[in-house]
Structures are given as structure tokens and as C-alpha cells.
Amino acid sequence: MGAFLDKPKTEKHSEKGCGNGLSYGLSSMQGWRIEMEDAHCALVGLPQGLKDWSFFAVFDGHAGARVSVHCAENLLDTIIQSEEFRNNTNANNSNNQITIEDVERVKSAIRDGFLKLDERMKKIPEIASGEDKSGSTAVCTLISSTHFYFANCGDSRAVLSRNKRAFFVTEDHKPINPAEKERIQKAGGSVMIQRVNGSLAVSRALGDYEYKQVEGKGPCEQLVSPEPEVDVLERDNELDEFLVLACDGVWDVMTNDEICDHIRYMMQVTTDLEYICNCVIDACLCKGSKDNMSIVLVALPGAPKLSEEMIQQDKEINSFLEAHVKEILSGSEKMEMGEVMRILNEDEKVRNALVLLPIGALFFKHSFLEEVYNKLKSNPSAKEENQNSAQDVAAVPQN
């Protein structure tokens with residue numbers, strides 16, 4: 001689980017889509033890990049007559065990718081095939097007459113879907129034989145016309161930005177959390193170096209059956225529990241901006257506010273959610289994430305709109321940074337991207353320029369700077385043409 005490559009794999013899988021008044025983008029990158037173990041799911045308009053519903057999820061696998069991939073392919077179906085879900089008036093129509101009982105039935109169906117899937121996966125031959133010991137966290141959101149249903153099992157995380165702040169955040173399930181630690185100890189386990197039995201860094205997950213073998217204990221009383229924490233929020237189409245689901249490879253190096261502030265800024269500069277997700281992943285790698293990284297971004301009706309002022313300001317910042325990269329490379333054609341970033345980060349003029357923007361940190365410009373770097377390395381004449389002009393762009397952009 002801790003093996004790393006000599007250099008990160010930076011190719012991304014990304015996509016985007018829209019429907020039901022929502023738009024989404026997603027991106028994932030293997031990074032420094034020796035294997036890509038993340039999986040995801042994004043679906044606008046669900047089967048079985050649930051056209052007004054949408055589903056988004058991120059699965060962070062460990063000790064292999066089998067469980068995470070299986071969950072991405074089967075969790076949604078397991079949930080919506082439940083009788084409670086299919087017979088629920090909230091699930092089958094988009095009227096506004098939603099009762100507390102409706103909501104509770106959906107919550108129950110989601111919980112049962114996790115538990116049923118975890119039980120069924122035991123029968124996969126490679127898992128049943130013990131050959132495959134993989135597991136996966138899971139964070140997902142079912143969105144109806146009236147509600148968000150958040151389900152989290154492990155330390156991947158969902159954040160809802162409402163009214164310009166991180167309004168709702170799922171809770172990470174770590175072994176050191178008091179309730180999690182108590183369950184682990186009651187099951188005969190221990191928490192050492194913040195891990196279950198000194199090994200597993202999450203206290204809830206799908207799969208991981210070697211931690212689910214305590215006799216006399218139910219599935220939710222084991223060392224590792226497959227039970228999701230399910231939260232429900234009513235939608236507010238005026239104030240709800242966007243939803244972010246991501247694995248711990250993102251959250252380990254970024255705070256909720258950093259991610260939300262950056263996305264809110266980028267949404268005023270571009271409508272390309274796929275590109276925004278790519279930028280976040282690149283920023284996480286630049287900031288030191290050593291894990292697989294996956295993110296799903298869902299734009300809601302109250303999402304920030306394009307701002308001509310912000311677009312212009314961003315263009316000025318980009319021109320300013322590009323000029324500095326050209327100047328740096330003109331002094332050394334063999335300089336690596338990491339060294340360019342270090343020099344820029346230590347430049348007081350660059351720091352002053354970035355303070356003008358909400359993002360405030362150079363790593364959020366990594367995607368753009370890498371594009372500039374690659375262009376200049378592949379086209380040396382561009383450096384020569386701009387060598388003289390670079391010194392003319394030394395002034396810090398002004399508001």
C-alpha cells in the first residue's frame with residue numbers, strides 16, 4: 001500500500017457532462033503510487049424511472065483495485081434495486097410533497113445498499129479464496145429534485161459549498177475517532193500509529209474482509225465496518241453553489257476552504273469543470289500528495305457565474321507569470337519544472353501578484369505554468385522572441 005514510483009504518472013482520466021440542472025466534471029491521476037486504485041461514478045438521470053435523480057461517487061481503493069472498481073460498477077444498482085427505494089414516493093417522482101418518512105426510507109435504502117454490496121463481494125472468487133485482500137472507501141451523493149443524500153464510508157470526503165462557504169462536510173472515519181476506536185477495541189483490535197491494528201488507516205470501508213472475521217459480531221461491529229454515515233440536506237437552488245467529492249489524496253494536502261475558494265474563483269474564469277478538476281489535481285501533486293488523486297465537481301444552480309473582471313484579472317496574472325517563466329528559462333534551457341516552480345515561489349513580485357487573487361498560492365497555477373513550460377521547452381524560438389520583452393512585464397498587475 002505504500003509503494004511509490006520513481007516519478008509520478010501524471011496522465012489524467014477526465015470527463016464532463018450535464019443534466020437535471022446540474023453540470024459536472026471529474027479528474028483522476030495515478031500520481032506517485034505504483035498502481036491506480038481509485039474509481040469513480042458520475043450519472044445524471046438514473047435507471048428504473050429515476051430520471052430526475054443523479055449519482056456521484058468516489059472510491060479510494062487500497063491493497064488493490066478490485067473492490068473499488070466493483071463498487072463503482074455496482075453500488076448504485078444495489079441501492080436503487082432495494083424495495084424501500086423503489087417504492088418510496090420521494091424516489092419515484094419529483095413532487096415537493098416529501099415527508100420525513102420518505103427521507104428516512106431513502107436513508108435506510110442507502111445504508112442497506114452498502115451492507116448488501118459488502119456481503120455480496122465476499123463471494124467474488126479471488127476475494128473468497130483470500131487471494132485478493134483489497135478494500136475501498138466510498139463517498140457518494142444521490143441528488144433528487146429536493147434533497148442531497150450523502151453517504152460516506154472511510155476517509156474520502158464530500159463538501160457542499162453554499163452561500164460562499166463550505167456549508168456541509170462529511171466526517172472522515174479514522175481509527176483515532178473516539179466512537180471508531182471504541183468499536184475496534186470491542187472487536188478485540190487496537191489502534192496503533194493511528195491505524196487499525198497498526199496497519200489500516202481507515203476504520204470503515206467496503207471489502208477488507210481480513211478485518212471482518214470476529215465471531216459473534218455483526219457486520220457493523222467488526223474491526224472495520226462497511227456501514228456508511230448517511231446525511232440528508234434539503235436543496236437551496238439560490239444558495240447551493242457546487243459539490244466536491246474527492247479521495248484523501250486530495251484532502252490530505254488541501255483544506256476544505258482552499259478547495260472551495262479555488263473552485264469558486266475558477267468558476268468565474270471558465271465554465272470548463274473538467275479543466276477545473278485537472279487544475280485541482282495538478283495543484284495537489286504540486287503541493288506534495290503522494291497518493292492516487294480523484295475529484296468530482298458538480299455545479300449546482302447557484303454556482304458562480306463568469307465575471308469579465310475576473311477573467312481579465314486572470315489573464316493579466318497569467319501573462320505576468322508566463323513572462324517570468326520565459327525569463328527563468330532564458331538563463332538555463334535544462335532547468336526542470338520543479339526548479340522553475342521553486343524560483344517563482346521565492347519571487348516576491350510573484351507572491352505579491354497572487355495575493356490579488358482569491359487563490360493566493362502558486363500551486364493553483366501549476367497547470368497553466370506547466371503548459372507554458374512545455375511550450376517553451378518544445379519551441380526554443382519562443383524563448384528567444386520573448387527574451388527582450390520579458391523584462392518589460394516586470395511590474396506586478398494591479399487591481
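Which residue's side chain is joined to that of Ser161 by a polar contact of 2.6 Å? The partner is Glu241, and the distance refers to a polar contact between the two side chains, a term that stands for a pair of N or O atoms within 3.5 Å, where within protein one must be able to donate a hydrogen and the other to accept it, and where residues adjacent in sequence count only if both atoms are side-chain atoms.

The model is predicted, so local features need pLDDT of at least 70 and side-chain atom pairs count only at pLDDT 80 or more, while totals for chains, interfaces and linings use all residues. Residues are numbered from 1 along each chain as its sequence is written, and side-chain values use heavy atoms, with hydrogens and water left out.

Ser161 belongs to strand S7, which covers residues 157-162; strands (E, at least two residues) and helices (H or I, at least four) are DSSP runs, numbered from the N terminus. With a relative accessible area of 0%, Ser161 is buried, where buried means under 20% relative accessible area, exposed over 50%, and partly exposed in between, for a 1.4 Å probe and protein chains only. When neighbours within four places in sequence are left aside, Ser161 is in contact with residues including Phe167, Leu239, Asp240, Cys260 and Arg264, contact being heavy atoms within 4.5 Å.

**The sheet and the helices across it**

Strand S7 is part of an open sheet of six strands, in the order S1-S2-S14-S13-S7-S8 and with antiparallel pairing; two strands pair if DSSP finds at least two bridges between them. Strand S1 (4-19) and strand S8 (165-169) stand at the edges with a single partner strand each, so one side of each has no neighbour in the sheet. From one strand to the next, the twist averages 20°. Strand S13 (residues 240-246) and strand S14 (residues 293-299) run antiparallel and are joined by five bridges, and Leu245 has Val296 in S14 as its bridge partner.

Helix H8 (residues 256-267) lies across S7, S8, S13 and S14, and runs at about 125° to S13. Helix H9 (residues 273-287) lies across S1, strand S2 (22-33) and S14, and runs at about 25° to S2. For these angles, axes are lines fitted to C-alpha atoms, for helices over the stretch in contact, and angles run from 0 to 180 degrees between N-to-C directions.

**Salt bridges**

Side chains of opposite charge can pair when their charged atoms come close. A salt bridge is a side-chain nitrogen of Lys or Arg within 4 Å of a carboxyl oxygen of Asp or Glu, and by this rule the count comes to 26 salt bridges. Three of them are listed here.

| Salt bridge | Closest N and O atoms |
|---|---|
| Asp102 and Arg105 | 3.0 Å |
| Asp118 and Lys212 | 3.0 Å |
| Lys122 and Glu119 | 3.4 Å |

Asp102 and Arg105 both lie in helix H4 (residues 100-121), three residues apart, about one turn of the helix; Asp102 is buried at 3% relative accessibility, whereas Arg105 is partly exposed at 33%. Asp118 forms a salt bridge with Lys212. Asp118 lies in helix H4 and Lys212 in the loop between strand S11 (206-207) and strand S12 (229-234), so the pair ties together parts that are 94 residues apart in sequence. Asp118 is buried at 3% relative accessibility, and Lys212 is buried with a relative accessible area of 11%. Lys122, at 34% relative accessibility, is partly exposed, and Glu119 is partly exposed at 43%. Arg66, Glu126 and Asp132 are linked in a network of salt bridges.
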